[in-house]
Protein chains: 4
Amino acid sequence: MQDNKPLVSEDLERVGVTNLRTIVLTEWKGRKYTFTPKIELTIDLDRKKRGAHMSRLVESITETIEEEIVLRHGSIEEVGKSILERLEKKHPFQKAQISMETDLVISRKTPKTGKTTMESYGVFVSVSYLGGAYRKTLRVSVMGNTVCPHAMEQTGGRTHIQRAETMLELDTPYDNLIDLEDMVNCVEKVFPSEIYSLLKTEDEVYVVEKMHANPKFVEDVTRGVIDAARKRFPGCGIHVKTISQESIHRHDVIAESRVEA
Amino acid sequence: MQDNKPLVSEDLERVGVTNLRTIVLTEWKGRKYTFTPKIELTIDLDRKKRGAHMSRLVESITETIEEEIVLRHGSIEEVGKSILERLEKKHPFQKAQISMETDLVISRKTPKTGKTTMESYGVFVSVSYLGGAYRKTLRVSVMGNTVCPHAMEQTGGRTHIQRAETMLELDTPYDNLIDLEDMVNCVEKVFPSEIYSLLKTEDEVYVVEKMHANPKFVEDVTRGVIDAARKRFPGCGIHVKTISQESIHRHDVIAESRVEA
Amino acid sequence: MQDNKPLVSEDLERVGVTNLRTIVLTEWKGRKYTFTPKIELTIDLDRKKRGAHMSRLVESITETIEEEIVLRHGSIEEVGKSILERLEKKHPFQKAQISMETDLVISRKTPKTGKTTMESYGVFVSVSYLGGAYRKTLRVSVMGNTVCPHAMEQTGGRTHIQRAETMLELDTPYDNLIDLEDMVNCVEKVFPSEIYSLLKTEDEVYVVEKMHANPKFVEDVTRGVIDAARKRFPGCGIHVKTISQESIHRHDVIAESRVEA
Amino acid sequence: MQDNKPLVSEDLERVGVTNLRTIVLTEWKGRKYTFTPKIELTIDLDRKKRGAHMSRLVESITETIEEEIVLRHGSIEEVGKSILERLEKKHPFQKAQISMETDLVISRKTPKTGKTTMESYGVFVSVSYLGGAYRKTLRVSVMGNTVCPHAMEQTGGRTHIQRAETMLELDTPYDNLIDLEDMVNCVEKVFPSEIYSLLKTEDEVYVVEKMHANPKFVEDVTRGVIDAARKRFPGCGIHVKTISQESIHRHDVIAESRVEA
């Protein structure tokens, strides 16, 4: 049925499965990781075929995952490429793309008391195949804050502060080795201050004073991350978006920009 | 089929329709309102019946809404009671409940420059029937902020500030006339400062200084709203929950409490 | 402060306000509509300016909304263009974009019993200004279903059926008059069957039989909508995405494609 | 500051931290599990104290998690109880509650071809302390489907089918050992058919035919799960809610009930 002539003759950019959850195991620089990502796997569909054989897409995922139990992949993108390579043997395509969205938890030390905290970040890793070449998109979402320099100037030092979240996305050939943790660090250092799950009084004072010494608009954060990413990840396409959840407004403010690879 | 003996003999607390969107028109104190609420309408189901006649529940909603075009109801809860009364003629029940969740937009003036702003609030109105009597639950969700008094004391005036949201819920007999706008005001006045969609520089300075003059923990906000609601709405069951989106942490902090009617 | 030299010299694609809710009133073909959209308004920011004057963006929205109470605009995109024109007098920009996301409720008749139902659709309207010209993007999200032709063939008539949602997006110059209701109809007719909030037994039988007479994969739905949109809205850029919430899987299936203007 | 007299003298039911993400490691029946739950930890607050020492709540979490790296707990609820016991030494309370919300992935075999699939379930585990005793709440959310018996009868075999999700929640003393996987199985067997991430044609035919042999309303599913849970988990408080995402309507249908412990 899927190989029949379709009702409407039209090439489709991408068809496949989405919002599929499974377990992904990796071993990156000697540390083992377990993720439960939400996966999307799609291929292009020629105008001569009515449908994709969706179960072959799922099989490429489940067979790769099964194999992982004995053989850990080195990174999330390595899992993705493995799935695309397996799919190639099961189903024809010109283009294919797999994305995995999950959480990354990183251990930190609090700034003054040196206690261990666990900090979580949203990550999104996508691998695409086109014309014999693999590319990847790596994205991290990092929480921080904005501190209004305008209000600070107007009031002689008092200001409004709020939680902000910055998304940094890199687009690059598959072989360019990039550490998601480096991407997180690259964003975190730009905020008025890093934030922590645990802050004892001494730490809290340090963070509050650092925020006031370093006030930034949402525009400053986005520009700072672009600047840091350009230096740290040369040659990559860069996409940065910051959303600040204003404490004096019901709406959010946004600053977004892109740098071509 | 619905009137058949069920596979398992068991009374069900509530069965019905949920996440149904439609238009609701009201006229409250001479002003016309249009809402597009998400509606849930449920009844209890006796162990002798396999299923509810769901289309009769939907019909009670659509017929009431159709009638509204000529006859505006006075309030959202009046629409709810109308739907329950109509349902009573179509389908047997011992208990029935309808809830409507929507947004309420209220016009305000900015604190210093007196400009018009439009502020939005989440509202939830539920009417229930049991044993011949109607009760209602009214809920508003209001955005504001928290300003940490502990950090302010430790640093000699600097602190962390963040967006917070407080939910105030009242439970009371149907006939107790309560204005949702009064509930909103009751919450808004407790925050370190009210917030506005529009703030010119002069207004922003006013809000920032008010926040610093009036620092509050999440616990202070919840207690303040309980206190204000007890005075303003005597005899009602009161439920208050505040969630503060910390600017120095990735997690939120919460303070919640209830006062019996 | 906003006009100062930024910390990092970098042009920003877009900065502004997002997730702002307000009331929008329109009068389209003689009928009055009230919406409570979520609004995003952004402009580009030159590398010489540290920040945008965000309050001027909000003012452009609130002043346009205030005016509406006496003067209803003809469409959501007319409201958007009005806001951009007002902003032009308050704040310099090279590019500007406003988007409004809301629900549209349309009255229908059930297929057999002819009863009135109210059906709701997600709509998104965006107007952008660049180089003296205005363009718009119109998007509708319509619920329907998919009915697996493969299972039907394998079992001799039985199959799995599930809810699906199709997004149709058109990109076109501002002056191209397009009715959102036409876009909705264009999608709805492609599904195996239209769906309704209210279905009496006779209507339900009609819908179930129509679905079985007309089985479609997610790929069929996306192709059918592209085909219908190309005929109905010639010259527009077309983007279609269908997601089917499989009743036999935990994941969804997706088919997406684009046609250049 | 937190130990000061509050602005309003009022006992608070619960104050604490919410939406905190971290890593939780367990070893249940010899298998190792890694979760990244969303955590909420709250305590009651006496009317004499202005605020809770929130950092002590977070410390109880992070210290327990740190310890886990060497010492795996046996279950999610064991992690929860450990955190409450640690908190007791740091901060006074009368009542305390911790909840953890995460995903559980279970390996299955497809019904006919016997291939391995990975199926995911939402789980929520809460442990509460009150008056010297610990209780727990265990919740699983399981996807399946409903198949309308009414339409099937009316049309002579054709019907509408849709994805449904059932939540089963048990309330019981902490020491009552319950396997989340048993709870999942208890729900899954009640649906018209189990669902799978991977289905080859033979499997798909089996599932479609099982669904048609076994049509169920949303009410049937909820009653079936109550019945199964009462037999499988005697003495527990039981709460069941099923939501069916109708393929012939835009809204969902719901059936919910509770059985006292």
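Is Phe93(D) buried or exposed? Phe93(D) is buried, as its relative accessible area is 13%. The model is predicted.

**The interface of chain C and chain D**

- The contact draws 39 residues from chain C and 39 residues from chain D.
- In chain C, the residues that lose the most area to chain D are Arg163(C), Ile248(C) and Arg250(C), and together they account for 26% of what that side buries.
- The size of an interface is often given as the accessible area lost when the parts come together.
- For chain C and chain D the buried area is about 3200 Å², with 53% of it from carbon and sulfur atoms.
- Between the two chains, 30 residue pairs are in polar contact, counting pairs with both residues at pLDDT 80 or more.
- Several elements of chain C each supply at least two residues of the side that touches chain D: strand 6 (116–130), strand 7 (133–147), helix 3 (149–155), strand 8 (161–173) and helix 5 (201–213).
- Helix 5 of chain C gives the most to this side, with 8 residues.
- By type, the residues of the side of chain C that touches chain D are 14 nonpolar, 16 polar and 9 charged.

**Salt bridges between chain C and chain D**

- The interface of chain C and chain D holds 8 salt bridges.
- One of them joins Arg158(C) to Glu209(D), with the closest N and O atoms 3.0 Å apart.
- Another salt bridge is formed by the side chains of Glu188(D) and Arg250(C), at 2.9 Å from N to O.
- This pair crosses between chains: Glu188(D) lies in helix 4 (residues 180–188) of chain D, and Arg250(C) lies in the loop between strand 9 (237–244) and strand 10 (252–259) of chain C.
- Glu188(D) has a relative accessible area of 5%, so Glu188(D) counts as buried.
- Arg250(C) has a relative accessible area of 7%, so Arg250(C) also counts as buried.

**Salt bridges elsewhere**

- Over all chains, the structure contains 108 salt bridges.
- In chain A, the side chains of Arg232(A) and Asp182(A) form a salt bridge, at 2.4 Å from N to O.
- The two residues are 50 residues apart and belong to distant parts of the chain, with Arg232(A) in helix 6 and Asp182(A) in helix 4 (residues 180–188) of chain A.
- Arg232(A) is partly exposed, with a relative accessible area of 42%.
- Asp182(A) is partly exposed, with a relative accessible area of 23%.
- In chain C, Arg232(C) and Asp182(C) form a salt bridge whose closest N and O atoms are 2.4 Å apart.
- This pair also links distant parts of its chain, 50 residues apart: Arg232(C) is in helix 6 (residues 218–232) and Asp182(C) is in helix 4 (residues 180–188) of chain C.
- Arg232(C) is partly exposed at 42% relative accessibility, and Asp182(C) is partly exposed at 23%.
- A network of salt bridges links Glu13(A), Arg14(A) and Glu40(A) with Glu256(C) and Arg258(C).

**Aromatic pairs**

- Over all chains there are 16 aromatic pairs.
- One of them is Phe93(D) with Tyr129(D): the ring centres are 5.8 Å apart and the planes meet at 80°, so the pair is edge-to-face.
- The pair links distant parts of the chain, 36 residues apart, with Phe93(D) in the loop between helix 2 (76–88) and strand 5 (95–109) and Tyr129(D) in strand 6 (residues 116–130) of chain D.
- Tyr129(D) has a relative accessible area of 16%, so Tyr129(D) is buried.
- In chain A, ring pairs join Phe93(A), Tyr129(A), Tyr134(A) and Tyr174(A) into a cluster.

**Two single residues**

- Thr222(A) sits in helix 6 (residues 218–232) of chain A.
- Thr222(A) counts as buried because its relative accessibility is 0%.
- Leaving out residues up to four places away in sequence, Thr222(A) touches Val240(A), Lys241(A), Thr242(A), Ala255(A), Glu256(A), Ser257(A) and Leu12(C).
- Ala213(D) is in helix 5 (residues 201–213) of chain D.
- Ala213(D) counts as exposed because its relative accessibility is 67%.
- Ala213(D) and Ser193(D) are 20 residues apart along the chain, and their C-alpha atoms are separated by 9.4 Å.

Definitions and conventions
Residues numbered from 1 in each chain as written. Chains lettered and ligands numbered in written order. Predicted model: local features only at pLDDT ≥ 70, side-chain atom pairs only at ≥ 80, totals over all residues. Heavy atoms only, no water. Contact = heavy atoms within 4.5 Å. Buried area = accessible area lost by both parts, 1.4 Å probe. Salt bridge = Lys/Arg side-chain N within 4 Å of Asp/Glu carboxyl O. Polar contact = N/O pair within 3.5 Å; in protein donor to acceptor, adjacent residues only side chain to side chain. Helix = DSSP H or I, 4+ residues; strand = E, 2+ residues; numbered from the N terminus. Nonpolar A, V, L, I, M, F, W, Y, C, P; charged D, E, K, R; others polar. Phe/Tyr/Trp six-rings, centres within 6.5 Å; stacked < 30°, edge-to-face > 60°. Buried < 20%, exposed > 50% of the residue type's maximum accessible area, 1.4 Å probe, protein only.
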